[in-house]
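Me: I've got a structure open and a few quick things to ask. Can we go through it together?

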Amino acid sequence: MRFMKSIMSAAMVALTALSTSALADTTQDLSSESVIETIKDRGAIKIGVSLFKPWSMRDKNGELIGFELDVGRKLAEDMGVEAEFVPTAWDGIIPALLSKKFDVIISGMTRTPQRNLTVNFSTPYALSGQRLLANKQLTEGMSLEDFNSPDITFSARRGTASATSAEQLFPKANLLQFDEDGAMIQEVLNGNAHATLVPDPTPAVEIRNHPEVLWTPFEDTYLAIGESFAYRKGDPDATNFFNNWIEIHMNNGWLKGRQDFWFRGFEWGKPD
């Protein structure tokens with residue numbers, strides 16, 4: 001009996017060792033396949049961005065500037081690699097990520113169930129929101145409920161959280177969609193659309209530029225949203241690194257400081 005017990009104990013030890021070895025091999029394989037290792041080996045992180053003021057934009061010399069550029073460069077610095085930005089049309093940015101044209105999307109992307117079926121998301125690295133920016137002449141005296149009508153037209157940038165919010169909050173209204181944020185605001189300026197939903201600080205900037213035409217009729221109406229990094233599925237190491245990086249720079253105030261600079265101040269928009 002003792003002999004049989006010894007054999008069984010030895011067998012259990014061997015099985016445990018094999019299981020532990022197999023688990024270690026699997027973990028090692030997953031780690032080596034992570035985009036984090038690809039970035040380290042390459043010496044550069046490729047970041048997909050779509051131009052949207054003040055997240056990412058070009059200055060008068062054509063150089064990329066904005067909140068996302070600061071985030072991407074700080075991320076690269078902490079990884080000990082270079083930052084390479086890949087400007088991409090918004091409606092093609094997820095397909096470009098999946099085809100490995102870049103490693104991660106850092107472009108003010110909000111998490112949605114539909115997007116999450118295709119890509120993984122980090123925890124939010126920024127918290128912003130949307131306000132109603134409207135044509136003053138067309139909407140003066142209207143209540144918020146009045147905007148949910150077939151007689152009302154909204155403009156929005158195609159594929160953005162603003163477009164989704166307009167459809168959800170004002171389902172009876174018409175929705176005109178454009179590929180550039182400038183076009184959607186121009187429709188409101190021209191009176192072809194009653195209003196649009198846009199993130200801060202765009203409402204304040206546009207009202208300052210067009211005080212006779214634009215206004216925010218409901219200053220306290222503010223739809224808070226969070227933005228996250230998006231990256232390819234099946235990469236636990238990327239999830240671990242990105243989430244920890246975001247937590248560190250949330251806690252030390254760096255992310256808030258850069259967001260306040262780009263979204264609450266206007267120094268960056270003043271002419272030289």
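Me: Which residue caps the N-terminal end of α2?
Reply: S34 does. A side-chain oxygen of S34 lies 3.1 Å from the backbone nitrogen of I36. Helices here are DSSP runs of H or I, at least four residues, and strands are runs of E, at least two, all numbered from the N terminus.

Me: What kind of model is this?
Reply: It is a predicted model, where local features need pLDDT of at least 70, side-chain atom pairs count only at pLDDT 80 or more, and totals for chains, interfaces and linings use all residues. Residues are numbered from 1 along each chain as its sequence is written, and side-chain values use heavy atoms, with hydrogens and water left out.

Me: Back to α2. Which residues are buried there?
Reply: V35, I36 and I39 are buried in α2, which spans residues 35–42. Buried means under 20% relative accessible area, using a 1.4 Å probe and protein chains only.

Me: Why are they on the same side?
Reply: Because they cover an arc of only 110 degrees around the axis of α2. The arc is that of the directions from the helix axis to the C-beta atoms.

Me: What follows α2?
Reply: G43, with a positive phi near 85 degrees.

Me: New topic: β10. How many of its residues are buried?
Reply: Five of its five, residues 195–199. A195, L197 and P199 point one way, and T196 and V198 the other way.

Me: Which way does β7 run against β10, parallel or antiparallel?
Reply: Antiparallel, with five bridges. Strands pair if DSSP finds at least two bridges between them. L132 stands opposite L197.

Me: And β8?
Reply: β8 pairs with β10 in the parallel sense, over two bridges. S155 has T196 as its bridge partner.

Technical notes: Buried < 20%, exposed > 50% of the residue type's maximum accessible area, 1.4 Å probe, protein only. Polar contact = N/O pair within 3.5 Å; in protein donor to acceptor, adjacent residues only side chain to side chain.
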